[in-house]
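Here is a short briefing on one protein chain. Please look over the sequence and the fold before reading on.

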Amino acid sequence: MADTLTGGCLCGAIRYTVSTQITELRACHCIHCQKGSGTGAAENAVIPSASFRLEQGTLKRYGSRAESGRTLYRHFCGDCGSPIYSQRENAPEAVVLRVGSLDNPGSCRITTHIWMRSARPWSCVDPASRQLAGQPDFPIK
């Protein structure tokens, strides 16, 4: 993947850049990610906060207590609702980027599935991937 990536929301109101390489992805199957994405899992890349830069627009933020017990803030477009990233209250040094919002996500593959105890029976999970019942240490190394 290129060293500088671009992305944004569905309606174009939000634009951002990422100045780090994304080498692995994880899918979160927790109930909050299912509800927030409208799918069986949210596909994410954990990146340093310093590498994420909002270039255009203003994100809305929603905070809730995740199943792990931690407060999680979800940042999204207030116009079209596209999820952009989430961030743990106690880990401001990392951003959990929704990779579907990237313009060109490259050829990364999902290497880890988390919150598998909440996974929907119809979720497609590569049996060769790492699978965790709940929340791993943060960030995944």
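How many bridges join S10 to S11, and do they run parallel or antiparallel? Two bridges join S10 to S11, and the two strands run parallel. Strands pair here if DSSP finds at least two bridges between them. Helices (H or I, at least four residues) and strands (E, at least two) are DSSP runs, numbered from the N terminus.

The model is predicted: local features need pLDDT of at least 70, side-chain atom pairs count only at pLDDT 80 or more, and totals for chains, interfaces and linings use all residues. Residues are numbered from 1 along each chain as its sequence is written, and side-chain values use heavy atoms, with hydrogens and water left out.

**Overall build**

- The protein chain holds one helix and eleven strands.
- From the N terminus on, the order of elements is β-β-β-α-β-β-β-β-β-β-β-β.
- The radius of gyration of the protein chain is 14 Å, which agrees with the value near 14 Å for a compact globule of 141 residues. This radius is taken over C-alpha atoms, and the globule rule is 2.2 Å times the number of residues to the power 0.38.
- Along the principal axes, the C-alpha atoms fill a box of roughly 35 × 30 × 30 Å.
- Of the 141 residues, 43% count as buried. Buried means under 20% relative accessible area, exposed over 50%, and partly exposed in between (1.4 Å probe, protein chains only).
- Among contacts with a separation of 6 or more, 56% link residues 24 or more positions apart. A contact means heavy atoms within 4.5 Å.

**Surface and charge**

- The protein chain exposes about 7,600 Å², and carbon and sulfur atoms supply 49% of it. Accessible areas come from the Shrake-Rupley method with a 1.4 Å probe; for residues, only the protein chains shown count as cover.
- There are 16 positive and 11 negative side chains, and the centres of the two sets lie 6 Å apart. Lys and Arg count as positive, Asp and Glu as negative; His and the chain ends are not counted. Each charge is placed at NZ of Lys, CZ of Arg, CG of Asp or CD of Glu.

**The sheet**

- Eight strands form an open sheet with mixed pairing, in the order S6-S7-S8-S9-S4-S3-S10-S11.
- Strands S6 (59–65) and S11 (130–131) stand at the edges with a single partner strand each, so one side of each is left without a neighbour in the sheet.
- S6 and S7 run antiparallel, joined by seven bridges. Arg 61 stands opposite His 75 in S7.
- S3 and S10 pair in the parallel sense over four bridges. Here Cys 28 stands opposite Ile 114 in S10.

**Strand S8 and its neighbours**

- S8 spans residues 83–88 and is mostly covered, with five of its six residues buried.
- On one side, five bridges join S8 to the antiparallel strand S7 (residues 71–77). Arg 74 has Ser 86 as its bridge partner in S8.
- The S7 and S8 hairpin has five residues between the strands, and Gly 81 takes a positive phi near 85 degrees there.
- S8 also runs antiparallel to S9 (residues 94–98), over two bridges. Ser 86 stands opposite Val 96 in S9.
- S8 and S9 form a hairpin, with five residues between them.

**Buried loop residues**

- Ile 22 sits in the loop between S2 (15–18) and S3 (25–28). Ile 22 is buried, with a relative accessible area of 3%.
- Ile 22 and Pro 83 are 61 residues apart along the chain, and their C-alpha atoms are separated by 18 Å.
- Ser 101 lies in the loop between S9 and S10. Ser 101 is buried at a relative accessible area of 8%.
- Not counting residues up to four places away in sequence, Ser 101 touches Gly 7, Gly 8, Tyr 16, Pro 83 and Ile 84.
- Trp 115 belongs to the loop between S10 (110–114) and S11. Trp 115 is buried, with a relative accessible area of 4%.
- Trp 115 has a phi near 55 degrees, a positive value in a residue other than glycine.
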